[in-house]
Amino acid sequence: MATEAESLHNAGSAADAPNPFNFQTQVISTTPVKSQNVGQRRGHRYKHSSVSAQHQIFQEPPPRPPPVLPASLPTPTIKEAWRSLQRDQRMRLYWGLCHVAIAMFIFYRSGGSLAAMALSHLVFFDAGSAAVCVVVDVLGNFEVWRRSSIRHPFGLERAEILAGFAMSIFLLFGGFDLLSHNLKHILESVGDHEAHHEHEHGHGHERISLDVVSAAAIASTLVSAYGLKNHARIAKVMRVSYLATLPSILSNPFHFFTLFFSALISLLPMLSISLYAWLDRLICAVISLAMFSLGMRVAVAQGLMLLMSYGGNRGDVGVTAVLREIESESGIARVDGAQFWQVHYGLCMANLKLIITNGYDELALVKLRNRISALIQNRLGEGYGNGGNVRWEVTLETTVDAGT
């Protein structure tokens, strides 16, 4: 009996002990569960809630006005540019092609004359500049040329500066090429006596050739100067002071050198053979040096515009004189900062920070701004109303002097 009671007690204790293997039956469903928040973004749960708009965490941004400047403007294609050609522009284009043909004719008819070959380089540059003038005139028919955009803040007019810089590189390399040819002929002619006898037989033919070459160069230069107004803006940028007193066509250094050397070359066949040979080389050397000096000046002027700088109307003296005159205005204590730069041939900009005395009202400030803008335009832009002058955009920032 004791053994049976003990076995029952042990069985009851085992039933009361916790079961380490507590398995529960689970039902697995094959039906897909639909999510309640699919397609909703976190962090915006209050945007469409019933809370009033003034207590919302995420407010709608205020509406912005449309941008004043367009992002970009369409650039014309070759077909669109050809269709936009006007009658005078078409004539200028045809003349540009004729000018290139005249330059090639002078180059191939120069023969053994170094001076005539150097003259052909000048005419080639004149023809290239005429082509640039035609392209600029045609692109001026489109809005993208002058109107500002985000992509081109000053329009496409600065592309003309790049073209002028490329032409200045042509002048520099042309000058080096002529110097190398001149040195080569000088070294070849040392101790060579047969060249003088060959030159005697071809002297009459060369005289006719040089006369035709000189006449073609003079005629093409006159047509380019009066018809196309070629190099007008480049000459204003260069500001050659020692030619300013000459007539309008001769005040341009490119036209002056072309006409002068063309007339001089036409006189070469009248000289003796020995004098002709040395003078021919001398003219070639002078033309090469003139091309190098003009190319350097044009490259510097174009480089300053590409770097958004300004050298002044007559060097830094023009800007300095303008700043002194501004400081002499009544009510202006001093000029705290000034920045001048040229964007392209027709536009310059000036930013001035003025320290003024206390006593200027709104009307007086407007009159002061107008006076300073007119002063800068008249001194550095040579006034209004003259063709081809530079337009100045002036920005003034005024601060009242703390000591007043």
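The structure is a predicted model, in which local features need pLDDT of at least 70, side-chain atom pairs count only at pLDDT 80 or more, and totals for chains, interfaces and linings use all residues. Residues are numbered from 1 along each chain as its sequence is written, and side-chain values use heavy atoms, leaving out hydrogens and water.

Begin by selecting residues 347-356, which form strand β3; strands (E, at least two residues) and helices (H or I, at least four) are DSSP runs, numbered from the N terminus. Eight of the 10 residues of β3 are buried, so the strand is largely enclosed by the rest of the structure. Buried means under 20% relative accessible area, exposed over 50%, and partly exposed in between (1.4 Å probe, protein chains only).

A hairpin through two residues joins β2 to β3, and His344 has Leu347 as its bridge partner in β3.

Next, select strand β4, residues 391-400, which runs parallel to β3 and is joined to it by 10 bridges. Here Val394 of β4 is the bridge partner of Ala350.

Finally, select the cysteines Cys98 and Cys284. Cys98 is partly exposed, at 40% relative accessible area, whereas Cys284 is buried, at 0%. The structure holds zero disulfides, a disulfide being a pair of cysteine sulfur atoms within 2.5 Å.

How values were computed:
Pairing = 2+ DSSP bridges.
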